[in-house]
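Q: Could you go through a few spots in this one with me? I'd like to take them residue by residue.
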Amino acid sequence: MKIIKYSAGLLFFALLLIAVVTPAAAAWDTVEWLEGSDGYMVNNVIIEAGSIGISTDDDSNNTSGNVSLSIYEWKNDSWTRINGTKLGWNQTMSFKAEDGNYTVKVLDFREVGRYNEVKLEIWTNANVTNSGYIEGGHSNAEGAGKPELVITKVITPSSNISVDDIMTVTVYVHNKGNYDAKNVNIDDPYTEGFLKSNVSINNTQNQTVNKNTNNTYLVYQLKAVEPGKKDLSVVSVTAENNLGTKYNFTGNKVTIDVSDLAALTFTASPPSGSSVDYYTRTKIEGNITARNIGTMPAQYISIEFDIPPGATVSGKDITVNGNKGTVYIDQIMPNNQKTIEYALSATEEGFFEVTMSYNYTYNNSAKTGVIQKVSYNSIGSQTVSTLLDNWYVLLIPLFLILVAALFLWKRHREYKF
């Protein structure tokens with residue numbers, strides 16, 4: 001009974017040892033004829049045939065012989081021999097590489113002209129992404145390694161930034177390595193305190209960055225909307241090599257100091273009514289509110305109306321000189337605002353566009369920009385009745401004059417007597 005128990009235990013131990021030592025069940029296999037000094041590459045592994053000796057050669061049956069096999073793996077940008085042995089017909093060898101377990105079996109030998117060849121069966125549980133015959137063996141092959149990506153975010157301008165300023169953001173990806181980067185995806189998260197706009201280049205998904213190249217992959221604009229020291233989002237990149245191995249990279253850190261000096265915001269209420277058709281000389285009214293959301297006074301503010309020929313602008317404190325109307329404001333203190341009311345009209349028929357812009361200074365720095373553009377049609381004056389058609393209208397003031405004269409004459413006679 002004890003013998004049976006010990007035998008069962010020994011058998012279990014042997015099975016466990018076999019399970020540990022033997023490579024896992026293969027998920028991929030191939031059969032290949034190799035000539036001496038040639039190899040077969042699976043991922044970053046090369047099974048290379050050395051000298052091949054043949055004892056007998058019978059095309060209808062298995063041929064006996066032996067082959068010297070060498071196993072190379074791509075490590076640290078070079079081929080490293082990790083295993084090797086001499087195998088005869090129907091013999092196998094197993095080895096472990098970085099990507100999984102491998103088993104090689106000799107199936108047959110043959111002579112082809114002056115050369116001998118061996119037929120190999122290759123099994124592996126690795127995720128095979130590339131494979132193929134390598135003439136000349138490992139010396140004529142290059143393995144797949146890690147691309148070296150350097151991600152750089154550049155801001156222009158990078159200094160003297162204040163609220164309402166606009167910067168251009170450019171993201172470069174430089175592959176300094178010796179391997180191409182495949183399926184490159186670039187992620188540039190949103191940064192609080194800025195508004196993103198005007199994306200002119202957006203090559204951020206499924207890109208290929210070849211080795212030793214430096215390209216622009218993202219260009220857009222950022223507008224600063226709140227003050228303070230701001231760390232812009234760090235760009236993150238994922239990439240793969242030719243074998244599908246995934247790598248992660250991060251970009252540089254960029255910090256911007258946004259000053260809150262003087263920052264005017266302009267709110268333009270549209271002209272009253274519909275800005276489609278107006279009669280000539282009809283007033284089109286609107287207003288512009290300038291508010292200082294900064295912490296210092298905004299000075300020497302001017303709001304300009306660019307007026308085309310045939311159009312006019314009027315309003316309190318608006319000075320007109322040629323085709324420009326201008327409002328001057330000495331300063332607007334922080335958390336204060338100024339509202340400018342205006343009226344547009346046309347002296348002749350036609351289509352008119354009046355552009356309104358601003359400029360102001362603070363701390364010897366100037367700011368300019370466009371506030372609003374008003375477009376309208378002038379379709380001609382309203383019909384005015386002629387004097388002949390309305391002659392009776394003139395009798396009203398004449399009648400009033402006569403009544404007043406009669407009243408004064410009567411009073412004069414009363415005082416006289």
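Q: Is T289 buried or exposed?
A: In this predicted model, T289 is buried, because its relative accessible area is 15%, which is under the 20% cut-off for that class.

Q: Which strand is T289 in, and what does the side chain of T289 make a polar contact with?
A: T289 belongs to strand β23, which covers residues 284–292, and its side chain makes a polar contact with the side chain of T339 at 3.1 Å.

Q: And which residues is T289 in contact with, leaving aside neighbours within four places in sequence?
A: With those neighbours set aside, T289 is in contact with T265, F266 and T267, and also with Q337, K338 and T339.

Q: Residues 337–346 are β28, then; what does β28 pair with?
A: Strand β28 pairs with β25, residues 311–314, in the antiparallel sense over 4 bridges, and V313 stands opposite L344 of β28.

Q: Why would they alternate?
A: In a regular strand, side chains alternate between the two faces of the sheet.

Q: Switching to the backbone, which residues other than glycine have a positive phi?
A: Among them are Y300, with phi near 50 degrees, and N335, with phi of about 60 degrees.

Q: Where are those two found, and are they buried or exposed?
A: Y300 is found in strand β24, residues 298–306, and counts as exposed because its relative accessibility is 59%. N335 lies in the loop between β27 (324–332) and β28, and N335 is exposed too, with a relative accessible area of 55%; the cut-off that both values have to exceed is 50%.

Q: What about the peptide bond from T156 to P157, cis or trans?
A: That bond from T156 to P157 is cis, with omega near -10 degrees, and P157 is found in the loop between β10 (149–156) and β11 (161–162).

Q: Last topic, the surface: which residues make the nonpolar patch of about 410 Å²?
A: The patch is made by I396, F399, L400 and V403. V403 lies in helix α2, residues 395–416.

Q: How exposed is V403?
A: V403 is partly exposed, because its relative accessible area is 42%, a value that falls between the 20% and 50% cut-offs.

Terms used. Residues are numbered from 1 along each chain as its sequence is written. This is a predicted model: local features need pLDDT of at least 70, side-chain atom pairs count only at pLDDT 80 or more; totals for chains, interfaces and linings use all residues. Side-chain values use heavy atoms; hydrogens and water are left out. Buried means under 20% relative accessible area, exposed over 50%, partly exposed in between (1.4 Å probe, protein chains only). A polar contact is a pair of N or O atoms within 3.5 Å; within protein, one must be able to donate a hydrogen and the other to accept it, and residues adjacent in sequence count only if both atoms are side-chain atoms. Contact means heavy atoms within 4.5 Å. Patches are made of residues with over 30% relative accessible area and no salt bridge: like charges are joined within 9 Å, nonpolar side chains (Val, Leu, Ile, Met, Phe, Trp, Tyr) within 5 Å. Accessible areas come from the Shrake-Rupley method with a 1.4 Å probe; for residues, only the protein chains shown count as cover. A salt bridge is a side-chain nitrogen of Lys or Arg within 4 Å of a carboxyl oxygen of Asp or Glu. Two strands pair if DSSP finds at least two bridges between them.
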